[in-house]
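Thanks for coming. I will go through one structure this morning and keep it brief.

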Amino acid sequence: MALTRFARHAKRPQGFCVKVAASAVLGLCFVVVWSIFSSPSTSVTTRRESFDDINEPASADTKLVDSSRTQPSKEGAGRHERDGEDDNKIRSESDLERIEQKPMNRSASSPIDVHQSEPVTREKTAAKPKKEKGEIKLPNQEASETEGSEDSENKVGEEGTEEEVVIDNGEETSNNEGETKGDGDLVEVVDPEGIGNAEVESGGSKDGGKKRKAKGPVFDPKAHYSWKICGVRSKHNYIPCIDNESGRLQSYRHSERSCPRTPPMCLVPLPHGGYETPVKWPDSKMKIFHKNVAHPKLHAFMKKHNWVMEYGEYLVFPGNQSEFKGGVLHYLEFIEEMVPDIEWGKNIRVVLDIGCQDSSFAASLLDKDVIILSLGLKDDLVDLAQVALERGFPAIVSPFASRRLPFPSMVFDAIHCGGCNIPWHQNGGKLLLEMNRILRPSGYFIFSNKHESIEEEEAMSTLTASICWNILGHKTDEVSEVGVKVYQKPESNDIYELRRKKHPPLCKEDENPNAAWYVSLKTCLHTIPASIEDRGTEWPAEWPKRLETLPDWLENKEKLSADTSHWKAIIENSYFSGIGIDWSNIRNVMDMKAIYGGFAAALSQQKVWVMNVVPVHAPDTLPIIFERGLLGIYHDWCNSFGTYPRSYDLLHVDHLFSRLKNRCKQPAAIVVEMDRILRPGGWIIVRDKVEILDPLEGILRSMHWEIRLTYNQEKEGILCAQKTLWRP
């Protein structure tokens, strides 16, 4: 009303000034109203930031978001159906395209967050995708991919058959189905973060459908690598997860495995005096090149022991000399006389030697078809485990203080501790209870020592009686002057109930005896299986029948037989003649992703030994490998392996990288680790998808490896390469 009266006054002749004033007032009002109802200049930027800096006009963004709020289900469901129908036909599409086709299963009333609106918005911005949680990440970032997506892709290869060629269309002809199920079960425990990302990517779907994740490349095809030498205190003997390189501690090694936060991306140097091609087996049992195992304290050690001596450029090991006076053969015969049931090479096949003091013990038993794994302890500063590996004997390096050893329960036929100086009776007997865990029912614990105090002997007797170990023999050898005790683990649980003192107590039923990776030692006794369907109730067949005999407790006998036949055909038709490896130079072999031990079984007639590594994220098949009379160990390949540099002659890698996409922050660090543990002149055989092998070849070439063979059939391939002496 005030404006109306004001306009009437403005019509009068004397109201010219009023007219001008009215125009000014109306203009100011218009400016004020416009400033109130319009957004500020930064509002467009703010809106784009809330949708991850999408490079589209603000109006387009608004329309896309609004449509996703009102119509999310039809388009998402349609895409889900197309994904199911064309899953096996569009494997070659980019990972970004797979993200765009993720189903959007949510109700219209549910709130829409940034991740849920991403698939709709990205349809117009796929040319410049953004890095976000739940999306494909660039190299050196932790991927967020479940093993379920890998398994579904691997099933394509399972349908193919092998026709005795270098490449087979599947990962494993015998275990794909079981491994797929196992991987899916174990991912939730090992990598819960990846599962969480999977749920975000699928839009928080609550339906019963499988949650699929986007798959990113293991190695960046466009990456360029520039290498340098590791600047560490231990230099050419660097073991990343065991050696202490922090500088804050004065000790040479950690008391337990402690891996660097960032996996090493440097190359371990060669020994200062150079490196020689290792002496071939079996001559390496008697001599090795000194420079290959050079260590500051080794020279002082040799002055006090006569079983190893320096002769020119070699370290020689006289056959009649041993840590045991009178020779190791006399020592072994003395043990058999005490306990006739110990038949080396027949009844006893797989043995763990604690301490790795004298390689002659392993050398002599190897001639009797006994395979011994030497455990080099963390305080073994002389690095005798490295000497054992150079000689061609199985050995690992592992601290043994507060965590379980990386083995399943009830797998070793015998455990030997010859002067290992371990305080078994301390800390509630935890260390001896760990021996009880990994020792087979009715298995033997052989303990020998020259100097044992009365207090230590009484404590050991009390402890072994509390866990119901039966002492089969206790005698001092007059020749070696060594006191030997042979204990036997019970074969049933009945004797546990007869104990007056229930200490140590029996473990709870939910305590998994096979859980070994980064698991603390327990002060309890695991019960012994009672049913014939359970592993451990029967002693394995004598060697070599043990290798092919299928135990009653094994459910998938057909898969084990198929696995053995599968690798036997590949090795005979390809590995022995088709890839250029001189097997006379091969002694120490590692299968980096073993399943049933079929690869090792196929090489049983060769003069090699195989370390079967079962990844911690894979189905637990390691007990089967030990049951066959073979060696194995648990390991997570996102960390360094417990061995010295230059330990192995050949690494076999069967579809390992394609199973690690969502586990390791730096997959290229696995290749660096392979370079560390492989000897110069050593070989790798990698079987995997072509999309993995192509960038892997580039990494190996950047390390100046010689690529000896590449072959592919459809989307599967094989790469064979040889390490050189090159160091940056």
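I will take a strand and its neighbours, then a helix, then the aromatic rings.

First, the ground rules. This is a predicted model, in which local features need pLDDT of at least 70 and side-chain atom pairs count only at pLDDT 80 or more, while totals for chains, interfaces and linings use all residues. Residues are numbered from 1 along each chain as its sequence is written, and side-chain values use heavy atoms, with hydrogens and water left out.

Start with strand E14, residues 648-654. Helices (H or I, at least four residues) and strands (E, at least two) are DSSP runs, numbered from the N terminus. Seven of the seven residues in E14 are buried; buried is under 20% relative accessible area, exposed is over 50%, and partly exposed is in between, with a 1.4 Å probe and protein chains only.

What does E14 pair with? Strands pair if DSSP finds at least two bridges between them. Strand E11, residues 588-591, runs parallel to E14 and is joined to E14 by three bridges. Strand E15, residues 678-689, is also parallel to E14, over six bridges. Leucine 651 of E14 stands opposite methionine 590, and its bridge partner in E15 is isoleucine 684. From E14 the chain crosses through helix H22, residues 668-677, to E15, and this β-α-β crossover is right-handed: with the strands pointing away from the viewer, the path from the first strand over the helix to the second runs clockwise.

Next, helix H23, residues 690-702. Its 13 residues reach 19 Å from first C-alpha to last, close to the 18 Å expected at 1.5 Å a residue; the expected span is 1.5 Å times one less than the number of residues. Among its buried residues are Ile692, Leu696 and Ile699. The buried residues of H23 pack against H22, E15, strand E16 (706-713) and strand E17 (716-722), contact being heavy atoms within 4.5 Å. Just after H23, histidine 704 has a positive phi of about 65°.

Last, the rings. There are 22 aromatic pairs. Rings of Phe, Tyr and Trp (its six-membered ring) pair if their centres lie within 6.5 Å; planes under 30 degrees apart are stacked, over 60 edge-to-face, and the rest tilted. Phenylalanine 324 and tyrosine 331 are stacked, at 3.9 Å centre to centre and 10° between the planes, and both are buried.

Why is the pair of phenylalanine 576 and tryptophan 583 edge-to-face? Because their planes are at 90°, with the centres 5.3 Å apart. Phenylalanine 576 is partly exposed at 30% relative accessible area, whereas tryptophan 583, at 12%, counts as buried.
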